[in-house]
Amino acid sequence: MAVVVCGAGFYRWAVSTAGAGRFTPVGLYSVQSMERMHYSTLYHNAPMPWSIFFSGNFAIHGTTETDRLGTPASAGCVRLHPGDAEALYRLVLEHGRANTLISIER
């Protein structure tokens, strides 16, 4: 993941996106909602810290499976190291949801 603030590169982090048989939606999105700690109602109450929802049930969030970052492993969300997810969450709060654009590419 590349994070750009005011046109300049700010962070670059390893992520996990959809594993086999799943998909992560590609496109340009705005922030729909944010939750400091969300528990998945679809996947056995899985913890999703620092969640930034961008398309329905799809979110960027922290993961406990940090050893899988950099490989396809999620049910469709964009997983980050919890520290990186917190930094991104705080950046969005600082700059405003309305000023945040999420671009997901293959």
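Let's start with Ile-60: leaving aside residues up to four places away in sequence, Ile-60 touches Met-1, Trp-50, Ser-51, Ile-52, Phe-54, Val-78, Leu-80, Leu-88 and Ile-102, where a contact means heavy atoms within 4.5 Å. This is a predicted model, in which local features need pLDDT of at least 70 and side-chain atom pairs count only at pLDDT 80 or more, while totals for chains, interfaces and linings use all residues. Residues are numbered from 1 along each chain as its sequence is written, and side-chain values use heavy atoms, with hydrogens and water left out.

**The nonpolar core**

- The largest nonpolar core has 20 residues, and Ile-52, Phe-54, Ile-60, Leu-88 and Ile-102 touch the most other members.
- Two or more residues each come from strands E1 (2–5), E5 (47–55), E6 (58–62), E7 (78–80) and E8 (102–104) and from helix H1 (82–95).
- Helix H1 gives the largest share of this core, five residues.
- Such a core is a set of buried Ala, Val, Leu, Ile, Met, Phe, Trp, Tyr and Cys residues joined through side-chain atoms within 4.5 Å.
- Buried means under 20% relative accessible area, exposed over 50%, and partly exposed in between (1.4 Å probe, protein chains only).
- In soluble globular proteins, nonpolar side chains tend to be buried together.

**Fold and overall shape**

- The protein chain has one helix and eight strands, in the sequence pattern β-β-β-β-β-β-β-α-β.
- These elements are DSSP runs numbered from the N terminus (helices: H or I, at least four residues; strands: E, at least two).
- With 106 residues, a compact globule would have a radius of gyration near 13 Å, and the protein chain agrees at 13 Å; the radius is taken over C-alpha atoms, and the globule rule is 2.2 Å times the number of residues to the power 0.38.
- Along the principal axes, the C-alpha atoms fill a box of roughly 35 × 25 × 25 Å.
- Of the 106 residues, 40% count as buried.
- Among contacts with a separation of 6 or more, 56% join residues 24 or more positions apart.

**Two residues with positive phi**

- His-44 is not a glycine, yet has a positive phi of about 55°; His-44 is found in the loop between strand E4 (33–39) and E5.
- With a relative accessible area of 80%, His-44 is exposed.
- Trp-50, also a residue other than glycine, has a positive phi near 60° and is found in strand E5.
- Trp-50 counts as buried, at 10% relative accessibility.
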